[in-house]
Amino acid sequence: MKQENRIGYIMEKFPDAQRENLIPILQEIQEKEGYLSRQTVADIGRYLNLPASKIYGVATFYNQFRFKPVGKYHIQVCRGTACHVKGSAAVLNTLQQELKIQPGQTTRDGLFSLEVLACIGACGLAPVIAVNGEFYAGVQTGQVRKILKEYRNQEK
Amino acid sequence: MISIEIDGREVKAEPGETILTALNREGVHVPTLCHMEGLLPSGACRICSVEVEGQDSLTPSCSYPVQDGMKIQTNSPKAVKARKTIIELLLANHPNDCLYCVRNGNCQLQDLAELYGIRERRYLAEPCKHKMDVSSPSIIRDQDKCILCGKCVRICEEIMGVSAIDFVKRGSQSVIAPAFEEGMNVSGCINCGQCVLACPTGALREKSHLKEVMDALQDPQRFVVVQHAPAISVTLAEEFGVKPGKDVEGAMISALRRLGFDRVFDTAFSADLTIIEEATELVQRIKQNERLPLLTSCSPGWIKFVEQTYPDFTQNLSTCKSPQQMLGAVLKHYYTQKEDIDINNVYSVAIMPCTAKKYEAQRPELSSHGIADVDAVLTTRELARLIRMYGIQFEGLPAGQPNIPFGRRSSAGKMFAVTGGVMEAALRTAHQMITGENSPEPEFKQVRGLKGIREAHIEIDGMTLGIAVANGIQNAQILLDQIRKGRDDLHFIEVMTCPGGCIAGGGQPFDTQPQNIHARLQALYDIDRRETVRTSHENKAVQQLYDEFLQQPLSKKSHELLHTTYSKRNVLL
Amino acid sequence: MVQNATIDREMLLNRLDAAWINRKQIQDDAKQQAHINKLRRNITEQPVFYVGAGTCGLSAGADKTIKALRNYIHEQNINADVVEVGCIGLCSDEPLLEVQMPGRSRVMYRKVTADVVPQIAEDVLNEKIPIEHVLGQHRNDALQSYEVIPFIEEHPFFKQQTRWVLRNCGLIDPGSIEEYLADNGYHGLAKALHTMTPAEVCTAVEESGIRGRGGGGFPTGKKWRFALKADSDRKYMICNADEGDPGAFMDRAIIEGDPHRVLEGLIIAAYAIGASKGYIYIRAEYPLAIERLNKAIEQAKSYSILGENILDSGFDFDVIIKKGAGAFVCGEETALIHSIEGKRGMPRPRPPFPAVNGLFGKPTIINNVETLANIGSIIVNGNDWFASLGTDGSKGTKVFALSGKIERTGLVEVAMGLPIRDIVFDIGGGVADNKTFKAVQIGGPSGGCIPEQHLDIIIDYESLKSVGAMMGSGGMVIMDENTCMVDLAKFFMDFIQRESCGKCIPCREGTRQMLNTIELLTHGRKSESKNDALERFKSVMYLPRLAEVIQDTSLCGLGQSAPNPVMSTLNWFRQEYEEHIYERKCRAGVCAELLTYYIDTNKCTGCMLCARRCPTDAIVGEKKSPHYIINDKCIGCGTCVDVCRFDAVDVN
């Protein structure tokens, strides 16, 4: 009963779901809940009649899925070729130093999380970062602190 | 038929078959690491690559079909260089601890390294480090030694239908693990150990009880008793280089004595006991119209599987403990009294073809009066190691005799080692129970063989008994699903976790090929044919046990020691 | 509006019918002609503002530009339309704004950020031309052009382009099927459905000579024929929009700018092979493209161009969008199929090929976005038309994504056979900031670098291979003197070993070892001990051998091409490698551990900022006196250079 409540919206959107719906379902859950919890993985497993190990195996294969909540401000750094050539490694480095976290982690105060993207596809404007989906084009290391400060100030 | 050329030799080949099949038939050996007979090729290891004329790159022989006129070179410089490099790459990401490894001398990677003469560590990236998973009572997972061939994942999914483990992450980060990289103990793993059998390296191995057993053997205070499962005597010889299918019961008993065991008993004895109890339970359930079909409960992997995946069937499981546990129980609570031995000094060891038996031995539901029925379980492989370590020359050992009373068995009990054997033993005794006399034809051919599911409707004295034998847990799932959907013609189902039964169990020698399994199966049928006592109820020791102690099947005493119940189990499936 | 839409629908579908069922020259009556002209925007009643609002435009601030524009129009009470179009390709000049005054030609303005919107809008509405923002005007005989404004096609960025696939991108409203139809869109589909058998479509595509634009370059028509011949109750047609190459964004831009073109190609392909169900596998990182596709599918359904009994031909076809979850390897066909099936995207051995045994075990064809975007025109204009452009083995055009250290970044479409030099120096305007050209990387992680001496090589599948690069999907990243080729190789190896699926040993373990070898080259002396230098030499020696085995034995294309970035840089820039190995020097100043930082005592004021910021406490010095960097402690991160306000930190 409880399980149906937790993933009720999934069962509604994907009636008679099959294995081929697994990835869309996981995407839907992550969009709604921010990450994939153990409980939802187990629930989905029961719904799709799939062992949890298979779901976890699929979810860890793709870059998109997370198993921990993200920060309030989710920072994505593009590491495509064009961005790399234009210095995205340094941008990432500065972000790591400033936030004291590695990609895939969230700051202790839950404010920022960092993610590396293979390529956003805005190569003409490299290097690019995105904060909660808002793009910053042509970012240089110096700007990073400024951008972070903006968001920190919003919290005060 | 088409014709192809292998290393300059023209041979015939079947259209559609893979290069590897053709090579094997022609006696040309190409190494493989991920290939599994009977399953679709995975193409992961690439070590079977050969050079095909006209193709730029190398061709994986395991997956590529033969074509008319194809010219194959299995050992061209290019192919050999590639194989060598692949082995070097694997070794570069592998701990350098062969001397300390359980698979030392019995490892496919080590063999290949030796075969291709790898003499230096050419590639220098640090090997990936992982935590060892020792959480399971049966299986140790040492990811550092994993070469990601994927055989364990495929066995677990495609053969067993369990899927406790899968590939996790990607690229050089890849590992094989249960969901959320948790320990195997909280996963859906049923401890069957088929993955251990499939593993080419030391990444998966049984949790060894050797040290505990050796300590007990060294302790003069301890009264160390051993029981050996029916499947051991027809496989142990393979560990000593004898060709498969030889029964070495006598030599094995002598070896066990020389190792220092105080008593050598036969699990087939308690298999006979199980048959009496289980057949009685079946007849009772049919008469009283209780939960049917009755499901056998000898196979501990199967029990765990029902508890976690088909909890609605736990009441269908026979309440009989497995023969291993029954023998342990009567040993500790009957034999000790009879022989006036302090129960606290008794150390009960079981030699099993199975890793799940290690898990079974430590289940609280399967102890009696708070005392474990069985203290340690050794696999066939561990026993062979112990025999070698103690310097016992196995070949030429005189035939030893088992101890009385629990060394006495019928050939029906011995048949527990093979799929369909429990059913056959049960049918022989059920016939006697219902009609009062033995079946004129003791062999029930309908339940023999290696087919996935074998069903029969047997008439005994006007009563139709619907029976089924599930060879391997995946086939059992098919039956249970049918029953869930309303099928109701079955009264009794035998399930063995491992396809083939205990003769192909996860504790058996590493090189268990289909032809080995066939030979072991034949050896058991031969024993049965030769024997005079072919039904469990005619086992004199069992009769004596009832007379002296248990009184009758399903008595209060037998409920106390020989029966248990199961319930739903929560795991991170 | 609603009524208009119905009229449009009837009229547009009737034109399709007239052309391809009745096989008549389209004879538009006056009313119809007026409608069409309106949809083609040959006639406009009020000023129209077009804003390039692709993902790249939006990252450059187009959303803010649109907002500012709408505000302005609203405040000034002006009657004008604002249309969001896709990307015309000139990313470096974004945000791009085009203005079309009634009766006059469309004029394109560059770098129209929100702050300059009011001024520009005011100027153009008052028929003043903000000359510093002007890029050019579109040629349109139906409209009056401006005398002082050059034509777009004369702009160096556009001059050498042949825009077939991109013809509508940035010009039409991607959210309007009517505009696509008015431009004779879906006429290829109508022609195929009503006048050709599936086999004839396969033949036409085969004879056009078009080859897969996604990487391998397999002849498209040949592939289709395999699937057409395969006997099955069900077949699938998949559009691969999982543009995983870092540095490529052609597919995104095509879908964002002209989604119906892709859809048309997909439906024709489905008809040609007999597929009843299709998938578009697209990266989840492309939300806008997904949105545009969803809308396009809806519209196509409402025009019965998709669904059951398409255009009354009896042919049924449905499309489902599957969002990729982020895995480069899913560009590989069997991995993509596994991903759609809900599994780990791990490739499987071929044969059997997907055309025979693919999605759910059924015959399946997978084509790339750009390939499909070509199909409609091939069917309408004929295979000869297509084959007339290009080289012997490579026909038609190819879209490239120009990025990196180049003056004009963006999306360009050129005829096959154009020298790369023309793309880099004429279209792209050469290297930015007066730096020296070093190399152009083509084909992403599977491709290679082309050095200066081979720039005259032409765009052609085979010729690119001859210099160790490949067509790939069309990413073209330009490097200048400040790019370290060893670092670039490291970047690609790092990418590949992370993106390798991990299934086959040579790719999984081999790329890890290759990365390690390259990393050793970029490690400084201070992090070395004992035999490290010797080992470094040794592993470099083994590099070619390892690369060869990875190429020869890997399971899929990703692995087989994995060593390319290293081998091609090693081939053309050996000198740079040797400097790293023997002299421990990085001439581009990129490999941090090989750099020595020192403080110019004349410039240092002793503000202590660098010392405080240094992550390893490698900078010492008293307040107000010059500081000093302890080389053994320095990790070469460059933070001190970034923070110094007096330009006192120098790098050697």
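Analyst: H11(C) and H15(C) are oblique to each other. Angles under 35 degrees count as roughly parallel, over 145 as roughly antiparallel, 65 to 115 as roughly perpendicular, and the rest as oblique. This is a predicted model, in which local features need pLDDT of at least 70 and side-chain atom pairs count only at pLDDT 80 or more, while totals for chains, interfaces and linings use all residues. Residues are numbered from 1 along each chain as its sequence is written, and chains are lettered from A and ligands numbered from 1 in the order in which they are written.

Helix H11 covers residues 250-257 of chain C and helix H15 covers residues 369-381; their axes are 9 Å apart and the packing angle is about 45°. Axes are lines fitted to C-alpha atoms, for helices over the stretch in contact, and angles run from 0 to 180 degrees between N-to-C directions. Helices (H or I, at least four residues) and strands (E, at least two) are DSSP runs, numbered from the N terminus. On the H11(C) side the contact is made by C:Met250, C:Asp251, C:Ile254 and C:Ile255, and on the H15(C) side by C:Val369, C:Glu370 and C:Ala373. Two residues are in contact if their C-beta atoms, placed from the backbone, lie within 7 Å. By class, this contact has 5 nonpolar, no polar and 2 charged residues. Here Ala, Val, Leu, Ile, Met, Phe, Trp, Tyr, Cys and Pro count as nonpolar, Asp, Glu, Lys and Arg as charged, and the others, Gly among them, as polar.

Chain C is divided into domain 1 (40-153), domain 2 (177-387), domain 3 (397-483), domain 4 (486-583) and domain 5 (596-651). Such bounds come from an automatic or database domain assignment. The C-alpha centres of domain 3 and domain 5 of chain C lie 39 Å apart.

Chain C also touches chain A: 45 residues of chain C are in contact with 38 residues of chain A. On chain C, helix H3 (55-59), helix H14 (333-340), strand E10 (397-404) and strand E14 (475-480) each supply at least two residues of this side. H3(C) gives the largest share, 4 residues. The classes on this side of chain C are 18 nonpolar, 18 polar and 9 charged residues.

Chain A has two domains of its own, domain 1 (2-61) and domain 2 (73-155), and their centres, taken over C-alpha atoms, are separated by 30 Å. Chain A contains an open sheet of 4 strands in the order E2-E1-E3-E4, with mixed pairing. Strands E2 (112-117) and E4 (134-136) of chain A stand at the edges with a single partner strand each, so one side of each has no neighbour in the sheet. Two strands pair if DSSP finds at least two bridges between them. Strand E3 (residues 129-131) of chain A runs antiparallel to E4(A), and 3 bridges join them; A:Ile129 stands opposite A:Tyr136 in E4(A). Helix H7 (residues 88-99) of chain A lies across strand E1 (73-78), E2 and E3 of chain A, at about 155° to E1(A).

Chain A also meets chain B, with 12 residues of chain A in contact with 15 residues of chain B. Helix H4 (38-48) and helix H5 (52-61) of chain A each supply at least two residues of the chain A side, and the largest share, 7 residues, comes from H5(A).

The axes of helix H9 (residues 267-288) and helix H15 (residues 421-435) of chain B come within 9 Å and cross at roughly 60°, which makes H9(B) oblique to H15(B). The crossing of H9(B) and H15(B) is right-handed. A crossing is right-handed if the near helix is turned clockwise from the far one by less than a right angle, and left-handed if anticlockwise. Among the residues that meet are B:Ile275, B:Ala279 and B:Leu282 in H9(B) and B:Ala426 and B:Met433 in H15(B). The contact of H9(B) with H15(B) has 9 nonpolar, 1 polar and 1 charged residues.
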